[in-house]
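Please read it with the structure open.

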Amino acid sequence: MTTDENLPAVVRRERIRVAVAERGFVRVSELAESFGVSGVTARADLDALVDAGHVLRVHGGAVPAAADRAERETSFEESLVASVLPKQRIGEVAASLVRSGQSIILDVGTTTLAVARALCARSDLDDVTVVTNGISIALELEGEIPRFTVVVTGGALRPLQHSLVDPLADVVLERIHADIAFLGCNGVDVAAGVTNVNLPEAAVKTRMLRSAHRAIVVADSSKLGRVHLGRIAGLAEVDTLITDAAATPAALDDLRSAGLDVITTPIDSLER
């Protein structure tokens, strides 16, 4: 966005709407700086756009509302406020599978961020090496150094997900063989396998899967049965799926019948 001070509010808000639609997520601080207004004014502009149905407020900024988003990829910030408890429980189950001395790959995403948080909460873990392409995940784990070694892959930064992708993302991945790779996704389907909404991250996820002894997909129940553009892997290439207890028995039966090991979070976890 270019700096434009003293614009009429109606013009400024239209430009903000376009910026949010194009970028997927815009911070309040960025708006204030770009338009030369206070944070209070920037928040008021976003509130007006919320009332008009153009944007949704999330922590620190705004994302497109459904009408403006269409098929646009959901931002990290928007995903962060969706299915919070199921993701937390999935993270706890996933983290319980890790042992001291192991090496793991943590893919970018809000469910894998929940895995990172659950790993941090396990005071019994030590000497764990975590390789990630998620900036948010690396920052979450930073406080656990030196009991955790955190390795961040290289690559170009995708602001929408705060992820690192090609070029260079595979430099680290092609030189390691981790014990477990925890992979996020946008869809898990019996026929289409594991898929993602964007191609750059799907390619990195595939390389992560191939760089680990065991591949575990972490996906809340809303992802089951969905199919997206970027193919990560067929179900036969994945060892385990961890999902939440809200998944329908039919969906779970179909996945298990296809040969996939499926772990669900405890039913009472939804009631805590």
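1. Ground rules. This is a predicted model, in which local features need pLDDT of at least 70, side-chain atom pairs count only at pLDDT 80 or more, and totals for chains, interfaces and linings use all residues. Residues are numbered from 1 along each chain as its sequence is written, and side-chain values use heavy atoms, with hydrogens and water left out.

2. Overall make-up. The protein chain has 11 helices and 15 strands. Helices (H or I, at least four residues) and strands (E, at least two) are DSSP runs, numbered from the N terminus. Of the 272 residues, 49% count as buried. Buried means under 20% relative accessible area, exposed means over 50%, and partly exposed lies in between (1.4 Å probe, protein chains only). Take the contacts in the chain with a separation of 6 or more: residues 24 or more positions apart account for 66% of them. Contact here means heavy atoms within 4.5 Å.

3. How do the axes of H2 and H3 cross? Helix H2 covers residues 28-35 and helix H3 residues 39-51; their axes come within 8 Å and cross at roughly 110 degrees. H2 is therefore roughly perpendicular to H3, a label for angles of 65 to 115 degrees. Axes are lines fitted to C-alpha atoms, for helices over the stretch in contact, and angles run from 0 to 180 degrees between N-to-C directions. The crossing is right-handed, meaning that the near helix is turned clockwise from the far one by less than a right angle.

4. Which residues make the contact between H2 and H3? From H2 come Val28, Leu31 and Ala32; from H3 come Gly39, Ala42, Arg43 and Leu46. By class, the contact residues are five nonpolar, one polar and one charged. Ala, Val, Leu, Ile, Met, Phe, Trp, Tyr, Cys and Pro count as nonpolar, Asp, Glu, Lys and Arg as charged, and the others, Gly among them, as polar.

5. Around H2. Its buried residues are Val28, Leu31, Ala32, Ser34 and Phe35. Asn6 sits in the segment before H1. Asn6 is exposed, at 75% relative accessibility.

6. Salt bridges. Side chains of opposite charge can pair when their charged atoms come close. The rule used here is a side-chain nitrogen of Lys or Arg within 4 Å of a carboxyl oxygen of Asp or Glu. It gives 11 salt bridges.

7. Arg17 pairs with Glu14, with the closest N and O atoms 2.8 Å apart. Both lie in helix H1 (residues 9-23), three residues apart, about one turn of the helix. Glu14 is partly exposed at 38%.

8. A bridge between helices. Arg117 and Glu140 meet at 3.5 Å, N to O. This pair links distant parts of the chain: Arg117 is in helix H7 (residues 110-121) and Glu140 in helix H8 (residues 135-141), 23 residues apart. Arg117 is partly exposed at 42%, and Glu140 is partly exposed at 30%.

9. Glu237 and Arg231 form a salt bridge at 3.7 Å, N to O. Glu237 is partly exposed at 35%, whereas Arg231 is exposed at 52%. Separately, salt bridges with shared partners join Arg12, Arg13 and Asp45 into one network.

Definitions and conventions. Angles under 35 degrees count as roughly parallel, over 145 as roughly antiparallel, 65 to 115 as roughly perpendicular and the rest as oblique.
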